[in-house]
Amino acid sequence: MSYLLRFIQQYQPSAGQAFMELEARFQELERNAPHLPQGKRYQPVSGGVPTNTLIWECECASLDEVQSALKKLADDPTHTELFEKQSPYLLKSCTEIFKVLDL
């Protein structure tokens, strides 16, 4: 059974450019560090989530892999440094985990 790990980050609209510049550095980090989870990024265009929101998600094969992904992100010093620079722009954020249904 697989799972979807998702981070939802709503940022200050006035900080959109700075936030996205840092997000580009996160994406570069993922490309250069294959031990880190490789996520896809989305920004809402319409719907129930404000457009000043970034959604990052990756699929994991098990809940153990979800926990491992979270630990790898928390333990990576470059990821931590980037998050410390980006977090002042956040209005709110949450982490979601979904079970992928195979009906």
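This note goes through the fold, the sheet and the salt bridges of a predicted model.

1. Overall content. The chain holds three helices and four strands. In sequence order these elements give the pattern β-α-β-β-α-α-β. The radius of gyration is 14 Å, close to the 13 Å that the globule rule gives for 103 residues, so the chain is as compact as a globular protein of that length. Along the principal axes, the C-alpha atoms fill a box of roughly 40 × 35 × 20 Å.

2. Burial, surface and contacts. Buried residues make up 38% of the 103 residues of the chain. When contacts between residues at least 6 apart in sequence are taken, 73% of them join residues at least 24 apart.

3. The sheet. The four strands form an open sheet in the order S2-S3-S1-S4, with antiparallel pairing. S2 and S4 are at the edges with a single partner strand each, so one side of each has no neighbour in the sheet. On average, and with direction ignored, neighbouring strands of the sheet are turned by 20° against each other.

4. Strand S1. This strand covers residues 3–11, and eight of its nine residues are buried, so S1 is largely enclosed by the rest of the structure. On one hand, S1 pairs with S3 (residues 53–60) in the antiparallel sense over eight bridges; within this pairing, leucine 4 has glutamate 59 of S3 as its bridge partner. On the other, S1 pairs with S4 (residues 90–99), again in the antiparallel sense, over nine bridges; here the bridge partner of leucine 5 is isoleucine 97 in S4.

5. Strand S2. The pairing of S2 with S3 is antiparallel and consists of three bridges. Arginine 41 has tryptophan 56 of S3 as its bridge partner. Arginine 41 returns in point 9, where its side chain is considered.

6. Helix H2 against the sheet. H2 spans residues 63–75 and lies across S1, S3 and S4. Its direction is at about 40° to S1.

7. Glutamine 10. This residue belongs to strand S1. Is glutamine 10 buried or exposed? Its relative accessible area is 14%, which is under the 20% cut-off, so glutamine 10 counts as buried. Leaving aside residues up to four places away in sequence, glutamine 10 touches Pro50, Asn52, Thr53, Tyr89, Leu90, Leu91 and Lys92.

8. Salt bridges around arginine 6. Side chains of opposite charge can pair when their charged atoms come close. The model has six salt bridges in total. In one of them, the side chains of arginine 6 and glutamate 57 meet at 2.8 Å, N to O. Arginine 6 is in strand S1 and glutamate 57 in strand S3, so this pair ties together parts that are 51 residues apart in sequence. Glutamate 57 is buried, at a relative accessible area of 15%. Arginine 6 also forms a salt bridge with glutamate 96, where the closest N and O atoms are 3.6 Å apart. Glutamate 96 lies in strand S4, so its pairing with arginine 6 of S1 ties together parts that are 90 residues apart in sequence. With a relative accessible area of 24%, glutamate 96 is partly exposed.

9. Which residue forms a salt bridge with glutamate 23? The partner is arginine 41, and the closest N and O atoms are 2.7 Å apart. Glutamate 23 lies in helix H1 (residues 16–32) and arginine 41 in strand S2 (residues 40–42), so the pair ties together parts that are 18 residues apart in sequence. Glutamate 23 and arginine 41 are both buried.

Key. Residues numbered from 1 in each chain as written. Predicted model: local features only at pLDDT ≥ 70, side-chain atom pairs only at ≥ 80, totals over all residues. Heavy atoms only, no water. Buried < 20%, exposed > 50% of the residue type's maximum accessible area, 1.4 Å probe, protein only. Helix = DSSP H or I, 4+ residues; strand = E, 2+ residues; numbered from the N terminus. Pairing = 2+ DSSP bridges. Salt bridge = Lys/Arg side-chain N within 4 Å of Asp/Glu carboxyl O. Rg over C-alpha atoms; globule rule 2.2 N^0.38 Å. Contact = heavy atoms within 4.5 Å. Axes fitted to C-alpha atoms, helices over the stretch in contact; angles between N-to-C directions.
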